[in-house]
Amino acid sequence: LVQDDATHEFVGLIKKKIDWCLANHSTIDLGSCLQDEIRLLVESCLCLDDCWESRFKLLMDVFFRSVSISSNPIVCEHLVLPCLSAIVKITGHSPKEKIVPLDSQSTITLNEWANGRRSFNGWSSHYGNILLAA
């Protein structure tokens, strides 16, 4: 992944606070504690620069961890919904766009991507031309 020092520091600080808040979600005011950090993470994920992938990985991590404790409506309101909204904005496509079916060799699983074994840049260097040609 392409990642500069500022992005690495940003992701680390946001992750540390979110980790603490998720671990203590039943004893703190999650909404006021994480409101600014979640908004900052979501907005930064919409910025598609060279370091977008590391921020998006954090967003996906927060989303899946918060879904696992989604029985708490405060977690849903302040974590699940903002993350889901950003994921839809980032990954959404226009209904007019043609969707190209891909074979199993051309896909990346969430675990491969999240663990760093595969990256978007690696995938797009092999399969991006197929999508652009369609």
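Residues are numbered from 1 along each chain as its sequence is written, and side-chain values use heavy atoms, with hydrogens and water left out. In this predicted model, local features need pLDDT of at least 70 and side-chain atom pairs count only at pLDDT 80 or more, while totals for chains, interfaces and linings use all residues.

**Exercise 1.** Determine which secondary structure elements the protein chain holds, and in what pattern.

Solution. Begin with the rule that helices (H or I, at least four residues) and strands (E, at least two) are DSSP runs, numbered from the N terminus. Counting in this way gives six helices and zero strands, and reading along the sequence gives the pattern α-α-α-α-α-α.

**Exercise 2.** Decide whether L34 is buried or exposed, and list the residues that L34 contacts beyond its sequence neighbours.

Solution. Next, apply the cut-offs: buried means under 20% relative accessible area, exposed over 50%, and partly exposed in between, with a 1.4 Å probe and protein chains only. L34 counts as buried because its relative accessibility is 1%. Finally, taking contact as heavy atoms within 4.5 Å, and leaving aside neighbours within four places in sequence, L34 touches K17, I18, C21 and L79. Of these, K17 is 17 residues from L34 in sequence, with 7.9 Å between the C-alpha atoms.

**Exercise 3.** Locate N72 and identify the backbone nitrogen that lies 2.8 Å from a polar atom of its side chain.

Solution. N72 sits in the loop between α3 (52–68) and α4 (73–91). With a relative accessible area of 19%, N72 is buried. The backbone nitrogen in question belongs to I74.

Note on methods: Polar contact = N/O pair within 3.5 Å; in protein donor to acceptor, adjacent residues only side chain to side chain.
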